[in-house]
Amino acid sequence: MRVPTIRLNDEEEALFQNYAALTGQPLSIFMKHALTEINEDIFDVKTGSEALKKLSGETISLQDMMQAEGLSGK
């Protein structure tokens with residue numbers, strides 16, 4: 001397993017240590033979770049942007065969509 005180095009000043013280290021303590025996690029686990037969340041957010045924005053570019057502008061009502069999917073009582 002690799003061990004990356006992150007340089008923090010005293011204020012940054014105290015801030016991150018306090019956040020980690022609030023969650024009851026070691027600093028390394030806290031940072032892994034934070035970085036994972038950031039990566040997921042970036043992926044979601046990119047995926048959403050690509051989906052918006054592909055929209056045709058055509059809309060359908062919720063009732064019509066449910067009926068087309070066999071979810072309507074009609």
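1. The structure is a predicted model. Its chain has a mean pLDDT of 91, and 97% of the residues reach 70 or more. Among the elements of the chain, the highest mean pLDDT, 96, belongs to H1, while helix H3 (residues 62-68) has the lowest, at 88.

2. The count of aromatic pairs comes to one. Its members are Tyr19 and Phe30, with 6.2 Å from centre to centre and 25° between the planes. The pair counts as stacked, because planes under 30 degrees apart fall in that class.

3. Tyr19 belongs to helix H1 (residues 10-23) and Phe30 to helix H2 (residues 27-53). The two residues are eleven apart, and the pair links distant parts of the chain.

4. The two partners can also be described by accessibility. Phe30 has a relative accessible area of 16% and is therefore buried, the cut-off being under 20%. Tyr19, at 41%, is partly exposed, because this value lies between that cut-off and the 50% above which a residue is exposed.

5. The largest pocket holds about 360 Å³ of space. Its lining includes Met1, Arg2, Val3, Pro4, Thr5, Ile6 and Leu8. Leu27, Ser28, Met31, Lys32 and Leu35 also line this pocket.

6. By class, eight residues of that lining are nonpolar, two are polar and two are charged. Arg2 and Lys32 are in the lining and are of types that count as charged. Thr5 and Ser28, also in the lining, count as polar.

Key. Residues are numbered from 1 along each chain as its sequence is written. This is a predicted model: local features need pLDDT of at least 70, side-chain atom pairs count only at pLDDT 80 or more; totals for chains, interfaces and linings use all residues. Side-chain values use heavy atoms; hydrogens and water are left out. On a 1 Å grid over the protein atoms alone, a cavity is a set of points where a 1.4 Å probe fits but cannot get out, and a pocket is an open set with protein on both sides within 12 Å along at least five of seven lines; lining residues have an atom within 4 Å of a point. Grid points are joined across faces, edges and corners, and a volume is the space filled by probe spheres set on the points. Rings of Phe, Tyr and Trp (its six-membered ring) pair if their centres lie within 6.5 Å; planes under 30 degrees apart count as stacked, over 60 as edge-to-face and the rest as tilted. Helices (H or I, at least four residues) and strands (E, at least two) are DSSP runs, numbered from the N terminus. Buried means under 20% relative accessible area, exposed over 50%, partly exposed in between (1.4 Å probe, protein chains only). pLDDT is the predictor's confidence in each residue, from 0 to 100.
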